[in-house]
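Please consider the sequence and the three-dimensional model shown below. The paragraphs that follow lead through selected features of its rings, strands, helices and backbone.

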Amino acid sequence: MLHDLAPRHGYVLQAAHVHHGLSPHADAWAQACASCCATLQIPFSLIRVEVPRDDAAGLEAAARRERLAALDAIRCDWLAFGHHQDDQAETLLFRLLRGSGVRGAAAMAPFELPSAGRPGRVRPLLDCRRAGIEAWARARGLDWVEDESNADVRFSRNFLRHRALPALGEHFPAAVPTLARAAAHFREASGLLDELAALDEATCGGEPLQRCAVMSLSDARIANLLRWQARRHGWQMPVQARLDEALRQLRAVAQPLRVVLGEMALCAYRDLLWLESAVGGTYEPRDWCGSATLSWGAGEVRFELLPGQGIARSLLEKAGSVRLAGRRPGLRMQLASDRPRRQFKNLCQDVAIPAWLRDRLPVLWVDDVPAWVGGIGVAAEFACAPGDEGVVPEWRPAGVA
């Protein structure tokens, strides 16, 4: 169908097949795909993946994960899938039985826009029944190969396909289109929740969030906001119980907080709240040459020119090197002329910077002397005098990249 429509709509079509290596017939399937594409003169790619057979999520889920990751890596604008209405009903039932929320119950969308470097997705057959597609294929004289594992009802989706949905159809003849329609309603509700999350994020200061503003929201709205941010950046959300515990700690603990939630971590420091990768960001040293911002991990350091504040600009201009980097062993700094020079650990303790955050603090080194430490302040010998022009660094530790 896509091949027939290509001349009319002017798109370039290619085909890809993911070879899982799980079936003794996998090579034959790949050859069947290659032969079909050769007949239609469609460029064909065969992608081989290794599926861990002992994956904690199960073989079926592991194969799907590897398959989608392989397809997402293809350089194209859109991926077209052959999912149909029966698949949609099956997906909705499967997700409801796993306790999915509104977004999961939305099942598959007819199209998904490209995001985060991933191709968009189109499912042109999503409103068509399987029987209708098979009848059309027979009328066209098309050949296809059946995956023998599709008949194995030990797999959850196959059980729903061969046992549950036919049984439902005996009592509810319109079960499949009705379930597909319900998925569309869930998708509409999911879209509204996304709009609410975007509004809440803007109201709470963007990224990073303002902690006090977030705390004024209900737990349900906070959870919705965090799920929306996590999904936007490709992190999988934890189970509900773990998220509930994180929200409980967030309300109960006024001090700095970092709660690991699987692939991501919920962090709170002073009046900031953000999500970050659980494995942390990249903190590469970089020279400062007068730019307004420098990236630092998943956040950034901003530099603003203000009279009588921050670091004396004249000292920065005379310096041989000005570099943003992490702390070094033995770092000591004097914050005021009438105060003693203190060790880095003591400086952090004075302003309640938690241990998990200290290794990420950005330090502005001027000729290898610490002039400023994010979250702590400016060294006395670099402080800008009243009336002089100063450079004020501001560390934004937040982090959804």
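Rings of Phe, Tyr and Trp, the last represented by its six-membered ring, are taken as a pair if their centres lie within 6.5 Å, and planes over 60 degrees apart make the pair edge-to-face. The model examined here is a predicted one. By the ring criterion, two aromatic pairs are counted. One of them joins Tyr-283 and Trp-296 in an edge-to-face arrangement, with 5.3 Å from centre to centre and 65 degrees between the planes. Tyr-283 belongs to the loop between strands S9 (272-277) and S10 (286-287), while Trp-296 belongs to strand S11 (residues 293-296), so the contact ties together parts that are 13 residues apart in sequence. The two partners can also be described by their accessibility: Tyr-283 is partly exposed, at a relative accessible area of 27%, whereas Trp-296 is buried, at 3%.

Rings also take part in contacts with charged groups. The charged end of Arg-157 is placed over the ring of Phe-94, at 4.5 Å from the ring centre. In another such contact, the charged end of Arg-232 sits over the ring of Trp-228, 4.3 Å from its centre.

Helix H10 (residues 219-232) is considered next, together with helix H11 (residues 240-252). Their axes come within 11 Å and cross at roughly 115 degrees. H10 is therefore roughly perpendicular to H11. The crossing of H10 and H11 has a right-handed sense.

S7 runs antiparallel to strand S8 (residues 264-269), and five bridges join the two. Within this part of the sheet, Leu-261 stands opposite Met-264 in S8. Pro-208 is found in the loop between helix H8 (175-203) and S6. The peptide bond leading from Glu-207 to Pro-208 is cis, with omega near 5 degrees.

Attention now turns to strand S17 (residues 363-366). Both of its faces are covered: Val-363 and Trp-365 are buried on one side, and Leu-364 and Val-366 are buried on the other. Strand S14 (residues 322-325) pairs with S17 in the antiparallel sense over four bridges, and Leu-324 has Leu-364 as its bridge partner in S17. S17 also pairs with strand S18 (residues 369-373), again antiparallel and over four bridges. Here Val-366 has Val-369 of S18 as its bridge partner.

S17 and S18 form a hairpin with two residues between them, and Asp-367 in the turn has a positive phi of about 50 degrees. Asp-368, in the loop between S17 and S18, likewise has a positive phi, of about 65 degrees, although it is not a glycine. With a relative accessibility of 53%, Asp-368 counts as exposed.

A further positive phi, of about 55 degrees, occurs at Ala-107, which is not a glycine either. Ala-107 lies in the loop between helix H5 (102-105) and strand S4 (111-112). Is Ala-107 buried or exposed? Ala-107 is buried, with a relative accessible area of 14%.

Note on methods: Residues numbered from 1 in each chain as written. Predicted model: local features only at pLDDT ≥ 70, side-chain atom pairs only at ≥ 80, totals over all residues. Heavy atoms only, no water. Phe/Tyr/Trp six-rings, centres within 6.5 Å; stacked < 30°, edge-to-face > 60°. Buried < 20%, exposed > 50% of the residue type's maximum accessible area, 1.4 Å probe, protein only. Lys NZ or Arg CZ within 6 Å of the ring centre and 35° of its normal. Pairing = 2+ DSSP bridges. Axes fitted to C-alpha atoms, helices over the stretch in contact; angles between N-to-C directions. Parallel < 35°, antiparallel > 145°, perpendicular 65-115°, else oblique. Left-handed = near helix turned anticlockwise from the far one by under 90°.
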